[in-house]
Amino acid sequence: MEICICFRRFFVVGIVIINIIVALLGLVLLIYGGVSLGQGKDYFAITDNATTFTRVPVLMIIVGLFVTIVGAVGAVGAIFSSTPFGRVMLLVYCVILGLLVICEIGGGIAAGVLRTSVEKIFTDSANTTFLLIVANDTNNQYFKTWDNFQRLFQCCGVKSSSDWNRYLPTPPPPSCCPPSITTCSSQDYYSTGCVTKVIGDISNYLGGLAAGAIIIGLLQIVGIFASCFVVLYKPQDKYEVV
């Protein structure tokens with residue numbers, strides 16, 4: 001009996017610690033999603049459907065908020081686990097957490113696996129808007145968008161500066177050169193294409209998302225087993241800790 005009580009106390013402390021960590025990771029995920037959403041508006045400006053690409057950061061914000069709340073519920077339930085209220089909270093926590101873990105680990109694996117697909121979709125989408133510059137004059141919205149994008153991210157063309165000469169009758173705009181250059185010439189063009197530069201950031205972003213989701217999921221699996229033990233094992237009143 002004493003051993004079981006010691007295990008129970010150990011698990012209660014473990015649940016509290018794990019859920020504090022999970023809640024903090026959820027908060028990090030929420031902030032990361034918010035920052036990514038803000039940056040994404042700049043990243044995806046050159047695509048033909050920016051809304052499609054901003055759904056992932058929005059999903060991160062929602063999941064991060066949900067993970068933070070669930071982590072807080074688990075920690076509070078563990079603290080008051082010696083009361084009926086606390087055990088009910090832990091039971092609800094276990095059920096919700098089981099569903100959340102499946103989504104998190106599945107989403108983390110999918111984010112890692114689908115990096116190549118997302119990169120291809122982004123490249124095709126950026127190519128579409130770049131080609132629309134050809135169909136219109138250089139003062140249209142697509143030219144302005146690409147011009148601003150190149151200036152902001154210090155890149156030139158889709159894959160290289162030669163894209164401008166290939167698709168337009170004019171050389172690359174001044175945005176393809178550093179701001180310090182007064183007369184923009186071919187030797188001053190940014191050597192990196194805009195899609196190449198953004199894809200590197202997207203790859204890092206999805207890799208971080210996959211790792212974070214899997215780590216949170218594994219921590220929560222430990223929390224589920226520990227919570228189940230605390231809920232199912234109820235010590236006698238004389239050993240009850242209030």
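**Reading the disulfides and the core**

Modeller: Both C155 and C194 are buried. Bear in mind that this is a predicted model.

Biologist: How many disulfides does the structure hold?

Modeller: There are 3 disulfides. In one of them, the sulfur atoms of C155 and C194 lie 2.1 Å apart. The torsion about that S-S bond is about 90 degrees, so the disulfide is right-handed. C155 sits in the loop between α5 and α6 and C194 in helix α7, so the bond ties together parts 39 residues apart in sequence.

Biologist: Which residue is joined to C156?

Modeller: C176 is, with 2.0 Å between the sulfur atoms. C156 is in the loop between α5 and α6, C176 in the loop between α6 and α7, 20 residues apart. C156 counts as buried because its relative accessibility is 0%.

Biologist: Is C184 buried or partly exposed?

Modeller: Buried means under 20% relative accessible area. C184 has 25%, so C184 is partly exposed. Its disulfide partner is C177, which is buried at 5%.

Biologist: What is the pairing when the bonded cysteines are numbered in sequence order?

Modeller: The pairing reads 1-6, 2-3, 4-5.

Biologist: Which residues touch the most other members of the largest nonpolar core?

Modeller: In soluble globular proteins, nonpolar side chains tend to be buried together. Here the largest such core has 28 residues, and F122, I133, W146, F149 and W164 touch the most other members. Helices α4, α5 and α7 each supply at least two residues, and α7 gives the most, with 8. Beyond its neighbours within four places in sequence, W146 is in contact with residues including I46, F130, W164 and C194.

Technical notes. Residues numbered from 1 in each chain as written. Predicted model: local features only at pLDDT ≥ 70, side-chain atom pairs only at ≥ 80, totals over all residues. Heavy atoms only, no water. Core = buried A, V, L, I, M, F, W, Y, C linked by side-chain atoms within 4.5 Å. Buried < 20%, exposed > 50% of the residue type's maximum accessible area, 1.4 Å probe, protein only. Helix = DSSP H or I, 4+ residues; strand = E, 2+ residues; numbered from the N terminus. Contact = heavy atoms within 4.5 Å. Disulfide = S-S within 2.5 Å.
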